[in-house]
Structures are given as C-alpha cells and as structure tokens.
Amino acid sequence: MKRYLMIFLAAFMAFHCMGASLPSQVDSHDIASLHAWGPYSKRYAGISHIPDMSKGIRFDFSVMPGYYRNRQLVPHVLFESSYYPWEINPEVNRITYRYELEWKDKVYTDVTYYVLDDNRTLVGIHCVNNTGMPQNLVLNQMAYIDYPETYPQVTATGASRLQWYNAIDYTENEPVRKSPQYRLVYDGWRRNEERSASSLDGSILGRGFGRNKGDRLSYQVKILPGQESGAIGIRFKVKKEENAVLQLKGLAEQSVTLKGTGEFSFVSVLYQNKKAGEYKLELISGSTVEIGLDGFFIGSADDISNVNVVRTPIPFTPAMEVGKNKKDFILKYKDCENYYGVAWNHQHSEVREILNGELESFFRRKVHDHVSSRLVGDRKWHYTNAFLRPVVLEPDSEQTIYMLVCTGDKEQVQQELQSFHSTPDKLIAQVKSTEGAKFKDKVLPGGEKYLLGNSLLQASLLSNIVYPVYTQKEYIRHFTPGKNWNSLYTWDSGFIALGLIDVDPAKAFECIKAYTTPVGSESAFIHHGTPLPIQIYAYADLWNNSLSRETLEFLYPRLKQFFNFMVGNDPYSTTRMKGSGLLRTWDYFYNSGGWDDYPPQHARGGNKLVTPVVTSAYYLRAAKILRLAAKELGLKKDMKEYEQVIGRLSNALQTYSWDEESGYFGYVLHDSLENAKEILRYKDRSNFNKGLDGVTPLTAGICSPDQVNRLVGHLFSPDELWTKVGISTVDQSAPYYKVDGYWNGAVWFPHQWVMWKTLLDLGKGEEAYRVAHTALDNWEKECAASYFTFEHFIISSGRGAGWHQFSGLSSPILNWFAAYYKSGKVSTGFEVWITKSEFNSTCSGYKADISFDDSTKAHERCMIVCMDAKHTYEAFFNGKPVKFRPGHAGMLEITLPATNKTGELIIQALN
C-alpha cells in the first residue's frame, strides 16, 4: 500500500513540476485516482459513468431486483431501501451491493459491478435462494442520465462571434464592507457567487453585490484585432421596480442605469480603443441596490444587439436503438458526445421506457403492469428499462446473470455488444482472474471476529462518493459522509481521509488535498460545516504511514494557510478573541465541535462573545503537528511562529478556562472588548461544559498531572462519560444530560478517536485499548444484526442509529481495526514523529527512527505495532529494552521511555 502511494505521488508531483500546463490537475479538488465508472449516483444505487468531468452530467445504471409480479426493490440512496454496500475493493473497480429480498439472507441478490476499463463495466447478478421453496425473481435494470442540481436552462443565440466573460471570473472583487467570509467563502465558491439555472454558465455574481456604493469588480479583457471599437453587453438582473447604477472604468468610461424587471436583461455600453490587446474593465456599484451579474459579451455593437437568450430544457430523453434479439440497446443523449450500450444474457426479457420523475413510488405501483412497453407518469424524466423475467430459483439454489454496460462511439459500442453476445465467457473469466486475495489474509488471528463490520464500513466509505459536487468553478467527485449529504463537509472529510489511510492512502492524500487551496487563494481552505483541523491530524497520520516527503512538502503550505486563518493570524479572520486570545468560530458555523445539540453550544443562542474549548485545544495540537512538519522541512522561522501560538493558547486555556471545582475546562464568557469574564455556568451554577468539549485540552498536551488524572477520571467513570458503548458526548451526571438527543445521550466515534490518540500520548495504552475495543465490539454486534453502518450509538439501548449507510465520522472504526489487527501497521499518538519505518518481508522484524513533540515535556508514550502472529518478540529503544504489553498474537503495545530525544526502535522475533 505504501508503495502504491509513493508511485501515485511521484506521478502527481511530476505533473506538479511541469508547471502551468497542468494547473487544473494540481489544484483540482477532484479525487482524480477514481475511475470514470464508479458509485457516484445521487438517485439509485448502481454504477455511474462520467462522460465529461467539466459538464457535471452523469450516466447511471442500476439493477433493481424483486419478486416477479410482486414486491419490487428500488434501491434509493436517500432512504433505507433493502440494499447494502457489501464489498468494495480499494481500487473501486469491484463494487458489490446486496439486495435483501427475504431477510436475513434467505433470498437475496448480490450485484457486482466489475469496472474493466474506461469504456466497459461487466455486471454480475448473483441470485440466491436459501429457502425450501422455489422463488420467481425479476431483474429490472434502469439506464438514465442525470444533471447537476443547478444546470443552465438557457442559451444565447447569435453570439458565435462574441467573447463571453462570466461575472465570477473576475481578477478582483473588493466589497466596501468585508464580511468574515471575505477570505473564507463557504463551499469554496467565489465571492458573491450564486448558482442559477437562468444563467448562461450556471453561476451569477450576486449575494449582496451592489448594496454598498463602491463595491468593485475587475476583469482582464482581451480585445481581438478588428474589435478595437465595439460594445460591452452586460447581462444583469435587478429586483423589480428598482434601479441600480453601475460605473464602468478602464475599457470603457461610463455610468449606466440598470432598470429592474426581476428578470435578466441586457444593457450595452460602447468602447473605443486604438489597438487590440489586454485591457482592464472595472464594474463599480454607484448605488445601494443589489445587482445580479451573469456576465458580459465583448464584440461588435451589431452582434451584441442580435444576441437572444432562449430557454433550453434539459434533454433527458435519449435516442434509443433496441437490438434485433431484444437483448441489448444503445442510447444516445443530446448533451453527451458518446453512446451507451447495455446487453444481457438472460433469454426472457424485453426493453421498456419509463416516463416519470421518480421510481421509488411510481415504478412500484406499476409492478403489475407487465404488458406495457411504456409506463407513462408525469414525464419529468426518462428511464430505459431492461425487464428480465422470470428468474426461477429452485429451493436452495443460485444462479448468476451477466450484463455489459459500455460507452464509446457508436461503432465501438456495437462491437462491444456483439462481442459480449458471442463470447461472454471471456469477460467473465477476466473478472474472475482479477479477484485477488481477500483482506482477511492480512489480518491477525484475533481480528477475524471483526471482519464483517470492517468490510461493511469499507464498502460504505467507498460507495459514499458523489458526482457532481460543485466547488472552485469545477465539478468534482467527492467522498461524502453518506449519500444523504450531497455536499462538501470539512471535518467529516478529515475523518474520511483518516479512514482512507488504512484503505487506500493515495485517495487519503487526495481527500486531504481537496480541502486545501494554493497559497494566496481567495479562500484559505474549502469550508463547509465544523472547521476543526482534522485534515492536519490526517496529514500527520499520512506522514507516519507513508513517510512521503513529497506529500509533506506539497500539503504543508496549504495546511499552514488553513491553520493561520483558523487561529486568527489572517487579518480577515475573526476567530481569535482580541483580549483573551481564545478561539471561537461562530462567524463561520454554528457548530464548534460537530456536536449539533451540545448543551452550552445550543444554549449560547447568537452570543458570539463566548468561547468553546475544543477550537483552542484542537488547534493547539494542530500547531504542534505543523511545528513537527516544519522541523522536518527545516523551516525554523515557521517553528517559532507555531511556538508563539502554542504559548498563547496554552496560557489562555489554563488562565481562563480551567474550572477547579468541576475538574473540567469550561466555555468562557467575554465582555464587549473580548476580554475573558467568567466560565459559562448552567442555571444551578455548575459548569455548563461537563462533556467531551471540557476534556479536549488533554489532546493539546498542556495539562498538569493533576488535571490529567481528573480529566481521564471523567472519561472512564461510569457515572460520568463512560458507558457500555463508549464515551458519552455529555457527562451523564450533568443536569443537562438527555437520553434522547442527537449527540447528547449518544456515543459517536470522532472525538473518541482523538481521545484514543491522546491516551497513547499519555502512555495509557490499556485505556486506549479499552476505547478502541469497546467501539469495535459494539460496531461488529450492530453490523451483524442489521448490516447497517450507523452514525452513532444510543446510550440507553446500545443500538446504532442515525444515517444507515454512514462512513464519515464512523471511519475511525477502520483505524482501530488496522491499529490492532493488521500486520505491518504502526499506530501512534500525536506526539510521535516517525522518520524511518521498515518491516522485514515477513513482518517478524521492525526498525524505526522516532522523534517526539519536544514542545511538550518529556513523558512516556505508547505506540502499537502489529507483527507476524507466529512469533513472540523483544523490543529495544536506542539499544535498551523497552516495556511492551503483548496483547493478542502479533500485537505489541510498546511504552517508549520518557524522553524527547530521537532514537531507534527495534523489534525482533525471539523464536
């Protein structure tokens, strides 16, 4: 796995070094190692193909099993519908979903999509009857196209000789009043960007532009030879019965009045220059009326006067050709240059069309209409349906049906369909030959009992990918916490990256990179949701697992920019309290730690003069991580900058936030000058922060021995934070604890992962083991019972709950499993920095060069090393024996000596 990452990164950095010829690949936020085919649908589970990344259009193909003339499954990705991501390999070219027709595994269908190459996917539909009765199944296959949520439904005619400039393609956007989002635009959009289907490109510049007189936009405009004199045709929208004033400077010097109709209109402004070339055009608000700018045309006045914008509805109905034997069809969609073909090897079948916006209700209502070739509903979408029926299964029997989905030009698609019909065994043999060793071959014997839960979570993680997601003027493929969240998500994606480190580190790198921006970008990073520094934590783990200096160097300046904004070092950031120096992020998101209903956060209302603990504590740890990276890279000046942040935040938390009475750190109230006043208390005067937020300074490594003992005591007290399913979000003894909250009254994994790393740093390996294995045991139990990968566990019942095919914040399960049961895996806390890491070929010997976070006082720290299970071991650090706790066969929990000096760790077999 490490070797694969190094090859990937070498190729990536080679592109990077080529310079300006490939900027989009270097700075893109797409997960580029994914295939054109993948599990990207936002409607129905299956396989998708992306014909052109820039368009945001997606072709979907979904297998929908059922009982013939009876119950029909429609595997909708947005609610529970009896399908389960079952097994997906790290390369995401073998994707299996299980469809439960009769629970549990009595009658089911496993559908596997084998991605053969950029043009072909073979579909294996394995139907199983484990009952004593014959079963009649039906297989409905749906092929359809999908578009972005916001897609232009207008086009400009008569504009072939004109140049078009979208309003969001400015070189400068300087509002008179700069909001906190000036350097951190939500979702990575451009300043003032709005998505609009009535725009020519999908985006307009609005969102308050023009409300302040003097709001200014600048553009670089290229005047072509022959166009030295011409016109600027501005497409705009102003609220009905309002008039706005726009002043033009540079290319043209004129003020124009934009008359509001509530719809898009054109205004034309003449310009005259002596020669062709590059010119600056400024658009400056001359009034206080909001303006929506779609963009402007440059060209002759006559051509601009002939421009007409007409509506162009989305062409979702394909041209279709059905094969002579009615066992294949070819589709051609207007907005795709390529063709699509589908073929199958089942004798009894027909091809139907379904004309309705959705299938989950309409198609199930039509299950008894097995005569019509067209099922007509509201006509709001089109689905091409391969109707295979019946598939008869004798008692205790199984059979597999194969299909081919392909794309290319028409001749290529025809050849692929013909080849499938004539020699299907070749493709079937090809996919069977590529099915490599199962994951369990690399697992220590003690971990076999956790394989189902690990496999289901990996499948959820690798199926929770959506396309298109829009950010930074591009459509991307993106890992999402669950298909319910068709969006970016910053802190969830940090944990997704951590999970990917133990699945496919190349994708982990891309997932971290997706949330960073080049230094000097308009947005300091890609922000959606809770802005915690989990990408920085994943960066450190990726380093310790890969030792890729290319990764370290590439991501470092981007993550430093992320960090500087969040600790208030950026002049436009509002995170740092001017008086106390504590951090809060209320201007950017309501949620400080991802815990939606965390009591003090929920109770603060709109009060921005109160600071949580988690932001300061977690960014303090991020400062220590980046200091270690800067040290590795020889950046002494940066190290000093981080040391200043470490000192400032450490002092602020200890001075203002520690509550001796409760033994928790507390939320801090501030006055209007942002000076700390007092700890926020509940109505009975108890600390309002008795919960996970109140123990987060443990992670920062700033606590005294007494504070460590008290905070760890809270974590493991069954009357406070410890429960049968792990660490509660809120102290169970607190008067504001609830049994029916979302986070309050539940156990989630993300902050537990942070606490697990922290316990390793504190030398408390047994406690870390307890946290990890409580999670693994409960996860496995729930997965075995339900096949679901839930968001969280309800304390009162011990059962999983929330989104049923979640990966996001549940990804730490993958890390815990790998840490304790995957041979060749090394796991540490935050304070161990590995510079050399080598296992021998059988994992019976290990050598590592290790340094430590020397911004923290020297103390014992634990790390976990998984060796070959057939041996017993001894361990040495700088030639001296070190303590270690042998757990199950192959797992060593090593306690490193209390030092901050670099040393060599050696583990060798005794037998």
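Predicted model: local features only at pLDDT ≥ 70, side-chain atom pairs only at ≥ 80, totals over all residues.

Me: OK. How many bridges join strand E45 and E49?
Reply: Five. E45 covers residues 873-877, and the two strands pair in the antiparallel sense. Within that pairing, Ala-875 has Ile-907 of E49 as its bridge partner.

Me: And what about E43 and E49, how do they run?
Reply: Antiparallel, with six bridges joining them. E43 spans residues 845-852 and E49 spans residues 903-909. Asp-849 has Glu-904 in E49 as its bridge partner.

Me: Where do side chains point in a strand?
Reply: In a regular strand they alternate between the two faces of the sheet.

Me: Why is H7 called largely enclosed?
Reply: Because 11 of its 13 residues are buried. Among them are Leu-451, Gly-453, Asn-454 and Gln-458.

Me: Now rings. How many aromatic pairs are there?
Reply: The count comes to 60. Take Tyr-769 and Tyr-820: their ring centres are 5.3 Å apart and their planes are at 90°, so the pair is edge-to-face. The pair links distant parts of the chain, 51 residues apart. Tyr-769 is in helix H18, and Tyr-820 is in helix H19.

Me: Is Tyr-820 buried or exposed?
Reply: Buried, with a relative accessible area of 0%. Tyr-769 is partly exposed, at 24%.

Me: Which charged residue lies over the face of Trp-586?
Reply: Arg-604, at 3.8 Å from the ring centre. Arg-352 lies over the face of Phe-387, also at 3.8 Å from the ring centre.

Me: Last topic. Which residues touch the most other members in the largest nonpolar core?
Reply: Phe-61, Leu-293, Trp-756 and Leu-905. That core has 265 residues. Helix H13, residues 614-632, gives the largest share, 12 residues.

Me: What does Trp-756 touch?
Reply: Leaving out residues up to four places away in sequence, its contacts include Ala-768, Val-771, Trp-816 and Ile-864. Tyr-820, from the ring pair, is one of them too.

Me: What other core lies apart from that one?
Reply: One of 14 residues, including Leu-116, Leu-404, Leu-417 and Leu-427.

Definitions and conventions. Residues numbered from 1 in each chain as written. Heavy atoms only, no water. Pairing = 2+ DSSP bridges. Helix = DSSP H or I, 4+ residues; strand = E, 2+ residues; numbered from the N terminus. Buried < 20%, exposed > 50% of the residue type's maximum accessible area, 1.4 Å probe, protein only. Phe/Tyr/Trp six-rings, centres within 6.5 Å; stacked < 30°, edge-to-face > 60°. Lys NZ or Arg CZ within 6 Å of the ring centre and 35° of its normal. Core = buried A, V, L, I, M, F, W, Y, C linked by side-chain atoms within 4.5 Å. Contact = heavy atoms within 4.5 Å.
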